[in-house]
Amino acid sequence: MDRLDAAFKKATSHGFMDMYLHPYCQRCEGEPAITLGALKVRTARQFVTALQGGV
């Protein structure tokens with residue numbers, strides 16, 4: 001979650017993103033999952049680019 005937060009802040013000039021940690025994922029029966037809030041397409045592209053940069 002820290003890496004996602006840092007990448008999002010880098011991509012959006014310190015914006016805020018809704019994230020929720022699911023300690024028990026119902027889809028895969030056990031592995032934790034993170035749900036992200038809705039993003040505009042431009043913001044999502046910037047976010048992906050920041051993640052690929054290894055933030």
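This is a predicted model: local features need pLDDT of at least 70, side-chain atom pairs count only at pLDDT 80 or more; totals for chains, interfaces and linings use all residues.
**Figure 1. The buried face of helix α1.** Helix α1 spans residues 2-12, and its buried residues are L4, A7, F8 and A11. Viewed down the axis of α1, these buried residues fall within an arc of 100°, so they line one face of the helix. The elements that cover the buried residues of α1 include strand β1 (19-22), strand β2 (33-36) and helix α2 (41-52).

**Figure 2. The outward face of helix α1.** The exposed residues D2 and K10 are carried on the face of α1 that is turned away from its buried side. By contrast, L4, A7, F8 and A11 are the buried residues of this helix.

Figure 3. G53 lies in the segment after α2. G53 counts as exposed because its relative accessibility is 59%, above the 50% cut-off. Along the chain, G53 and A7 are 46 residues apart, and their C-alpha atoms are separated by 8.8 Å. A7 is one of the buried residues of helix α1.

**Figure 4. A nonpolar surface patch that includes M1.** M1, L21, I34 and L36 together make a nonpolar surface patch of about 310 Å². M1 belongs to the segment before α1. With a relative accessible area of 40%, M1 is partly exposed.

Key. Residues are numbered from 1 along each chain as its sequence is written. Side-chain values use heavy atoms; hydrogens and water are left out. Buried means under 20% relative accessible area, exposed over 50%, partly exposed in between (1.4 Å probe, protein chains only). Helices (H or I, at least four residues) and strands (E, at least two) are DSSP runs, numbered from the N terminus. The arc is that of the directions from the helix axis to the C-beta atoms. Contact means heavy atoms within 4.5 Å. Patches are made of residues with over 30% relative accessible area and no salt bridge: like charges are joined within 9 Å, nonpolar side chains (Val, Leu, Ile, Met, Phe, Trp, Tyr) within 5 Å. Accessible areas come from the Shrake-Rupley method with a 1.4 Å probe; for residues, only the protein chains shown count as cover. A salt bridge is a side-chain nitrogen of Lys or Arg within 4 Å of a carboxyl oxygen of Asp or Glu.
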